[in-house]
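Hi everyone, thanks for making time today.

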Amino acid sequence: MSVRTIGVVMNGVTGRMGYRQHLVRSVLAINEQGGVTLSDGSRVKLKPVLVGRNADKLADIASKHGLSDFTTDLDAALADDDNVIYFDAQVTSARVKAVLKAIEAGKHIYAEKPTAESTQEAVALAEAATAKGVKNGVVQDKLFLPGLLKLKRLIDGGFFGRILSVRGEFGYWVFEGDWQEAQRPSWNYRAEDGGGIVLDMFPHWHYVMENLFGRIESVYARAVTHIPARVDEQGNTYQATADDAAYGIFELEGGIVAQINSSWTVRVNRDELVEFQVDGTHGSAVAGLRNCRVQHRSATPKPVWNPDLPVTARFRDGWQEMPDNAEFDNGFKIQWEAFVKHVVEDAPFPNDFASGARGVQLAELGLRSNTEGRRIEVPQL
């Protein structure tokens with residue numbers, strides 16, 4: 001069995017997501033399993049070339065994982081013909097410039113979302129990649145969550161009948177950084193650095209809704225900065241200029257109405273950090289990161305509203321837990337394997353830059369809806 005190695009320029013691995021999910025749990029995990037297996041049985045291993053602004057941090061990561069290739073010179077990394085793929089997990093505000101460099105260098109591009117801060121820039125990236133003839137993909141990890149894979153299994157099996165509505169709850173309390181350290185970097189709360197929960201999460205909700213339920217036809221959103229001041233990594237107080245909570249209503253094709261709350265200022269009183277309830281004429285389901293519970297119409301109770309009497313029924317007891325029926329690998333790793341196959345043997349990879357641009361468009365229109373206080377139709381890109 002033949003094994004070959006291709007270089008992957010990884011820009012932004014000193015950040016939490018770039019390091020943990022993409023380098024450690026994806027690229028290095030792929031190599032530990034012997035590489036990506038292609039359709040002919042051969043394998044492809046990945047040689048990560050770490051790129052960033054802080055040489056000391058890069059050296060520390062490289063030393064920790066026995067890697068030899070790291071640099072602060074992106075141009076030099078892109079000039080190496082052995083490096084076939086460019087991956088970008090930088091802050092959003094730095095992504096477009098670097099990705100355009102990689103496209104011009106003829107690299108195949110895989111990038112975190114959002115691909116840009118504006119629809120115009122996101123479309124321009126997609127067009128540039130197409131014009132150059134390089135393969136391109138955007139991270140859409142939530143499609144591979146076990147809970148959502150189970151939900152898709154229900155949809156494909158016709159469990160819901162006609163889907164009526166989707167209700168999503170996402171978020172948790174991110175500490176302000178004064179008396180407890182914040183769990184997210186401070187740039188997330190500065191609009192000038194590409195922060196904000198709308199720009200962060202609406203692209204996620206876009207590909208979830210588009211892939212599971214249908215095209216989004218309109219959006220009405222309210223974006224709020226609930227906590228106006230936070231404390232950064234150096235202990236300095238700064239003004240939060242980006243939204244930390246968003247409340248959205250989305251109308252989908254086929255008459256489905258989706259409501260999704262996204263918040264970094266909410267304390268969790270649900271089973272998982274994200275949950276989607278889907279209600280249909282024949283049944284309902286509640287899907288989270290890993291679990292999915294269902295209630296068929298034949299098992300649906302008949303509650304009667306009576307505020308004068310205590311409720312004796314335990315409504316959650318009427319729901320059934322869905323079995324796994326499969327082994328679920330890390331969603332980020334699954335996408336990396338799929339993108340490598342896309343690059344090496346032209347296997348399909350639908351989550352391209354055009355898809356990423358539609359996610360950016362939804363975020364941009366959500367912010368516009370908030371500013372104008374009205375429902376905004378979503379044109380097709």
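Let's start with aspartate 75 and lysine 101, whose side chains meet in a salt bridge, at 3.1 Å from N to O. Aspartate 75 sits in helix 3, residues 74-79, while lysine 101 belongs to helix 4, so this pair ties together parts that are 26 residues apart in sequence. In general, side chains of opposite charge can pair when their charged atoms come close. And how many salt bridges does the structure hold? The count is 21. Please keep in mind, as we go, that this is a predicted model.

Now let's step back to the domains. The domain assignment gives two stretches for domain 1, 3-140 and 330-350, and two for domain 2, 143-326 and 360-376. In the contact, domain 1 takes part with 17 residues and domain 2 with 17 residues.

On the domain 1 side, three residues to look for are Lys113, Thr119 and Gln140: they supply 41% of the area that domain 1 buries against domain 2, more than any other three residues.

Separately, if you zoom in on lysine 113, you will find its side chain in a salt bridge with the side chain of aspartate 200, at 3.0 Å from N to O. The interface of domain 1 and domain 2 also has four residue pairs in polar contact.

Which helices shape the side of domain 1 that touches domain 2? Helix 4 (92-104), helix 5 (119-132) and helix 8 (331-345) each supply at least two residues of that side. Helix 8 gives the largest share, with three residues. Sorted by type, the residues on that side of domain 1 are six nonpolar, eight polar and three charged.

Let's finish with the rings. There are 13 aromatic pairs by the rule used here. One of them joins tyrosine 110 and phenylalanine 349, edge-to-face, with 6.1 Å centre to centre and 85° between the planes. Tyrosine 110 is in strand 6, residues 108-111, and phenylalanine 349 is in the loop between helix 8 and helix 9 (353-372), so this pair ties together parts that are 239 residues apart in sequence.

Technical notes:
Residues numbered from 1 in each chain as written. Predicted model: local features only at pLDDT ≥ 70, side-chain atom pairs only at ≥ 80, totals over all residues. Heavy atoms only, no water. Domains from an automatic or database assignment. Contact = heavy atoms within 4.5 Å. Buried area = accessible area lost by both parts, 1.4 Å probe. Salt bridge = Lys/Arg side-chain N within 4 Å of Asp/Glu carboxyl O. Polar contact = N/O pair within 3.5 Å; in protein donor to acceptor, adjacent residues only side chain to side chain. Helix = DSSP H or I, 4+ residues; strand = E, 2+ residues; numbered from the N terminus. Nonpolar A, V, L, I, M, F, W, Y, C, P; charged D, E, K, R; others polar. Phe/Tyr/Trp six-rings, centres within 6.5 Å; stacked < 30°, edge-to-face > 60°.
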